[in-house]
Amino acid sequence: TDRMSRVVTKMKKYMPDTIGIQEATPTWINYLKSALGDTYEVVGLGRDGGSSGEHSSILYNKHIFNLTGWGTKWLSATPDAVSRYPESMYNRIFTYAFLQRKSDLQMILVINTHLEYTTDAIRLKQLAIIQDFIDKHGNGYPVYISGDYNADYGSAACTKMEQYGYTSAEKATTSKTGATFTNYGAENRVLDYIYFSNNDFALKYYKVCNEYINGSWTSDHHPVFVKFSLK
């Protein structure tokens, strides 16, 4: 509970057009909906089905975007059902939102996920599920994929994302980089990324938001904030 006001304060400080959240329990989802007021809508199911379990939900600014479709899929051999690969310690999911910008009716696809932490091999299988969805249902729209990849930069998962045709926003020339996973000072790793389709966005700015809020870090991970424009 001591994280709650800090998280919302930081969200309100940056007010991104979209936000991908991690490990959000039903209590967190209800709190965010209440605390963020009239700006954001939230889409996403829990990883254990319905509202149960942790959510990897997407918040979008409803004054900027119309929602034309959304869903949650499981990172498994049966993505439409609550399930996991045998190698995965937990049910893992991705949430997607098809958003239409009100100003010019431009469509984008936003995806948010949380990959398994155990091995490179399972993360590659999970990424293949996401890419298969994009190939079949993405309509060629500009896409960005945020999440806790549980993978260090240069790892197999990050290399695979580049092979799929995505760029990490961390490569922005104007940036404030740093560890995204600190576990309150016990760790020093980059595990959280926003990857975007190479030919669709002009990257402006990248920042790891590691500043204190109300005298402490927001959580055990720091948010990643990105500015880019559609080409």
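This is a predicted model: local features need pLDDT of at least 70, side-chain atom pairs count only at pLDDT 80 or more; totals for chains, interfaces and linings use all residues.

Modeller: Residues are numbered from 1 along each chain as its sequence is written, and side-chain values use heavy atoms, with hydrogens and water left out.

Biologist: Why is asparagine 61 called buried?

Modeller: Buried means under 20% relative accessible area, exposed over 50%, and partly exposed in between (1.4 Å probe, protein chains only). Asparagine 61 has a relative accessible area of 10%, so it is buried. This residue is found in strand β3 (residues 58-61); strands (E, at least two residues) and helices (H or I, at least four) are DSSP runs numbered from the N terminus.

Biologist: Which residues does asparagine 61 touch?

Modeller: Not counting residues up to four places away in sequence, asparagine 61 touches Asp17, Thr39 and Tyr40, where contact means heavy atoms within 4.5 Å.

Biologist: Which residues of helix α2 are buried, and what makes them line one face of the helix?

Modeller: In α2 (residues 26-35), the buried residues are Trp28, Ile29 and Leu32. Seen down the axis of α2, they fall within an arc of 100°, so they line one face; the arc is that of the directions from the helix axis to the C-beta atoms. What covers these buried residues includes α1 (4-14) and β2 (40-43). The face turned away from the buried side of α2 carries the exposed residues Thr27 and Ser34. Just after α2, glycine 37 takes a positive phi of about 70°.

Biologist: How is a pocket defined, and how much space lies in the largest pocket?

Modeller: On a 1 Å grid over the protein atoms alone, a pocket is an open set of points where a 1.4 Å probe fits, with protein on both sides within 12 Å along at least five of seven lines; lining residues have an atom within 4 Å of a point. About 1300 Å³ of space lies in the largest pocket. Its lining has 47 residues, and Ile19, Gly20, Ile21, Pro223 and Val224 lie nearest its centre. β12 gives the most to this lining, with seven residues.

Biologist: What volume does the second largest pocket have, and which residues are closest to its centre?

Modeller: The second largest pocket has a volume of about 220 Å³. Of the 14 residues that line it, the closest to its centre are Glu23, Arg92, His114, Tyr117 and Asn150.

Methods. Grid points are joined across faces, edges and corners, and a volume is the space filled by probe spheres set on the points.
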